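I opened my notebook to look around a new structure, one entry at a time. Follow along with me if you like.

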Amino acid sequence: MTALGERIRVHSVVVLSDDWYLLKKTTFDFLRSDGTWQRQSRETYDRGNGATILLYNRARKTVILTRQFRYPAYVNGHEDLLLETPAGLLDAQSPEEAIRKETAEETGYIIHKVKKVFEAFMSPGSVTEKLYFFAAEYDSAARQEQGGGVASDGEDIETVELTLDEALEKIANGEIRDGKTIMLLQYAKLHLFA
Ligand SMILES: Nc1nc2c(ncn2[C@@H]2O[C@H](COP(=O)(O)OP(=O)(O)O[C@H]3O[C@H](CO)[C@@H](O)[C@H](O)[C@@H]3O)[C@@H](O)[C@H]2O)c(=O)[nH]1
Ligand SMILES: [Mg+2]
């Protein structure tokens, strides 16, 4: 089988928008599985990579989520704040460094030992981002900062503690509609609280 890189010949790259993040349109020829070359154009939205984490307490069977306003979800019909696992973009940090910093910023919990559980492309047809998923145990003594996010960046983040069963019920009834959060809660049900 031909290496994938040999099946792609980039023809042109046009930057459509370079404001907060980067939107490009790339035209390329792709070698189809039947041996013919086909010209295609694809837009890619590049906001870098990100990390997210499930904070869980095994003894109490609880998890920590955040609640915040997400304009893209609101404009697509979600008329409520979004319940999510803490998450952030990596910027120049490693995934582990980034998730510790985001967790402190968003929830106030200071965590040290994190376990990487998987990596995933969350919207591979259009968004380049790869998300790194972690889990870490917390207890109430780990909440050493206020959390809430960076107000000057527009963040206004509430921290919510739920039992795993309450969180799973919110997936079923539609109150939790964020992909990364659903993935981590199901991971917890399968592997952390089994
Ligand atoms: N001015 C401006 N600010 C923006 C824009 N888009 C995002 N921001 C701000 O940029 C910051 C990004 O915050 P992070 O905590 O680093 O990222 P995140 O938005 O929580 O992203 C996480 O969740 C996403 C949604 O699930 C994930 O896609 C991503 O990987 C990451 O895990 C936030 O303050 C947000 O308000 C924009 O277009 N303009
Ligand atoms: Mg965030």
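**Entry 1: around the ligand**

I looked up which elements line ligand 1, and β4 and β7 (87-89) each supply at least two residues of its shell. Strands here are DSSP runs (E, at least two residues), helices are runs of H or I with at least four, and both are numbered from the N terminus. β7 gives the largest share of the shell, 3 residues. I noted 13 residues around ligand 1, with W20, G50, A87, G88 and D153 the closest. A residue counts as near the ligand if its C-beta atom, placed from the backbone, lies within 6 Å of it. By class, the shell holds 4 nonpolar, 4 polar and 5 charged residues. Ala, Val, Leu, Ile, Met, Phe, Trp, Tyr, Cys and Pro are nonpolar, Asp, Glu, Lys and Arg are charged, and the others, Gly among them, are polar.

**Entry 2: a reminder to myself**

This is a predicted model, where local features need pLDDT of at least 70 and side-chain atom pairs count only at pLDDT 80 or more, while totals for chains, interfaces and linings use all residues. Residues are numbered from 1 along each chain as its sequence is written, and chains are lettered from A and ligands numbered from 1 in the order in which they are written.

**Entry 3: the core**

Which residues have the most contacts inside the largest nonpolar core? I found A51, L54, L55, V63, F134 and A188, in a core of 27 residues. The elements that give two or more residues to this core include β4 (50-57), β5 (62-68) and α4 (179-192). Such a core is a set of buried Ala, Val, Leu, Ile, Met, Phe, Trp, Tyr and Cys residues joined through C-beta atoms within 7 Å. Buried means 20 or more other C-beta atoms within 10 Å of a residue's own, exposed means 12 or fewer, and partly exposed is in between, with C-beta atoms placed from the backbone.

**Entry 4: two loop residues**

I recalled that most residues other than glycine have a negative phi. K61 is not a glycine, yet has a positive phi of about 60°. K61 sits in the loop between β4 and β5, and is partly exposed because it has 15 other C-beta atoms within 10 Å. D91 also has a positive phi, near 55°, and lies in the loop between β7 and α2. D91 counts as exposed because it has 11 C-beta neighbours inside 10 Å.

**Entry 5: a strand residue**

Is F121 buried or exposed? F121 has 12 C-beta neighbours inside 10 Å, so it counts as exposed. F121 belongs to strand β8 (residues 115-121).
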